[in-house]
Structure formats: C-alpha cells, structure tokens
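Please look at the sequence and the structure below before reading on. The report then takes up a few regions in turn.

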Amino acid sequence: MTVYSKKKSQDNMDTITIAIVEDNHDIRTAMELLINGSDGYACVGTFNNAETAVEQIPQLMPNVVLMDFNLPGGMNGIECIARLKQEYQDMQFMMLTVYEDDDKIFMALEAGASGYILKKTSPGELLEAIRDLYDGGSPMSSQIARRVVAFFQKQAKPNPALEALTTREKEILDQLSKGYLYKEIASNLFISIETVRRHVHNIYEKLHVRSRTDAVNKYYNR
C-alpha cells in the first residue's frame, strides 16, 4: 500500500484524486505513473488487496477508486466496492478488469460501481473515463456497453416516463445507453460537451435518477 499527499494542478485548481486497488504490481505502477504524470489527476494511494483498501481509503477520501476484480485474500473487488459505497455514497468507483461476462458486470454495477472499463483500454481513454466519471457520467468500454444494452433490449418495453423528455434528450439518452462518453455524444450530435452535460442534467431531473445506469434502466423500463 502506498499513500501520497494530495496536490494541485498547474492552474491551482483541485485535481481529481484517485486511489488504485490492483494486485498486479506492473499494472498498478503503470496506472500510478500515468495518473501522476497527467495534469488534473493525482494518485493519492495504491493498494494490492481489498482488506487494506477498505481500511485506508476512507482516510484518503479520493474522488475516484479504480478497482480490480480478483484480489488476494478473502475479499474481491466487488465486495470491496459494496463495503465502501455503503458508507461513502459520493465516492465514485470504476471497475478496471479483464472480465467481460454479464454476471460480473451486473454484480459490479449493483455493488455501486458507476463505470466498467477493460484493462486493454488505452491510457488516454482511461483518463477520459476517469474525468467522465468525476463529471457525473458512467463510462464503459464499448464491449461492456453492448452487453448492457443487449441485456436490457431483451426486456425492453415502452416507458411512459420518457414522454417527458424532448426529442434531443431522447437522442442523448439513447447515446448514453450505448456507452458513449460525453465527448463522443457531442461529436455524434454536433453539439458542445457543455450542451450534452446540460441535457444529461435535465434527463436525470425528469427521470428522477442520479446516474447513467439508473437512466438506462428507465430507458428500458427496468
């Protein structure tokens, strides 16, 4: 376990603080170097097992926790998220794993993860996903998003709650359900990222939800 002091970015604004829970030393070190070498991000602690993470992360209170699934000891990453999320609702968790199977995806989301990224994700996409999560999004690798969409489409039914949304809001919600990041939605719909954020805020308000996962659930009437 390694703990760092929090730092400021070059423009003196608070950075996004991140903790890493990963048992593979090389992967953990690579993520740590990437985060600390990128302006606007700071790794405040790294952990190689869930038990230590559960004990130490509340002392650090990072904005985002990157979590592996398989960890040494008696607790896996999903159990670690469930323990921490129960007490720290504002802390954001993102699975960073090699697993793509449906059971693990939905167990992670049910435990409190708001993002699910594969380890083969590029460094730039990882940083973007962290920023998206911090900004209120629920980033997912495209492969994961397709599995989530396929699951809900099997049981899709019309939802009267969607009638409150404008045509543009429905378009953006459809893009969210496919796992696109805010930047990708902006590009796809030829609008600014700020406009996307404003529409997402309105969608959440109208559907009475607080996350992308909950909005997609409403979208497919779950």
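In which sense do strand 2 and strand 4 pair, and over how many bridges? In this predicted model, strand 2, made of residues 16-21, pairs with strand 4 in the parallel sense, and the pairing runs over 4 bridges.

## Strand 3 and the unit before it

Strand 2 has a parallel pairing with strand 3 as well, and this one extends over 6 bridges. Within it, V21 has F47 in strand 3 as its bridge partner. Strand 2, helix 1 (residues 25-36) and strand 3 together form a β-α-β unit that is right-handed.

How many of the residues of strand 3 are buried? Strand 3 spans residues 41-47, and because 7 of its 7 residues are buried, this strand is largely enclosed by the rest of the structure.

## The annotated residue D68

The loop between strand 4 (64-67) and helix 3 (77-87) contains D68. The UniProt record, an unreviewed entry, places the feature "modified residue: 4-aspartylphosphate" at D68.

Is D68 buried or exposed? Its relative accessible area is 5%, and because buried means under 20%, D68 counts as buried. When its neighbours within four places in sequence are left aside, D68 is in contact with V21, E22, D23, G77, M95, L96, T97 and K119.

## Two residues with positive phi

M61 lies in the loop between helix 2 (50-60) and strand 4, and its phi is near 50°, which is a positive value in a residue other than glycine. With a relative accessibility of 37%, M61 counts as partly exposed.

H208 is found in the loop between helix 9 (193-207) and helix 10 (212-219). The phi of H208 is near 60°, again a positive value in a residue other than glycine, and with a relative accessible area of 70% this residue is exposed.

A polar atom of the side chain of S211 lies 3.2 Å from the backbone nitrogen of D214. Leaving aside neighbours within four places in sequence, S211 is in contact with S138 and Y204.

## Helix 5

Helix 5 consists of 12 residues, 123-134, and from its first C-alpha to its last it reaches 17 Å, which is close to the 16 Å expected at 1.5 Å a residue. Among its residues, L126, L127, A129, I130, D132 and L133 are buried. Helix 5 is followed by G136, whose phi is positive and near 105°.

Conventions
Residues are numbered from 1 along each chain as its sequence is written. This is a predicted model: local features need pLDDT of at least 70, side-chain atom pairs count only at pLDDT 80 or more; totals for chains, interfaces and linings use all residues. Side-chain values use heavy atoms; hydrogens and water are left out. UniProt positions are given in the numbering used here, feature names are shortened, and annotations may be inferred rather than shown by experiment. Buried means under 20% relative accessible area, exposed over 50%, partly exposed in between (1.4 Å probe, protein chains only). Contact means heavy atoms within 4.5 Å. Two strands pair if DSSP finds at least two bridges between them. The expected span of a helix is 1.5 Å times one less than its number of residues. A polar contact is a pair of N or O atoms within 3.5 Å; within protein, one must be able to donate a hydrogen and the other to accept it, and residues adjacent in sequence count only if both atoms are side-chain atoms. A crossover is right-handed if, with the strands pointing away from the viewer, the path from the first strand over the helix to the second runs clockwise.
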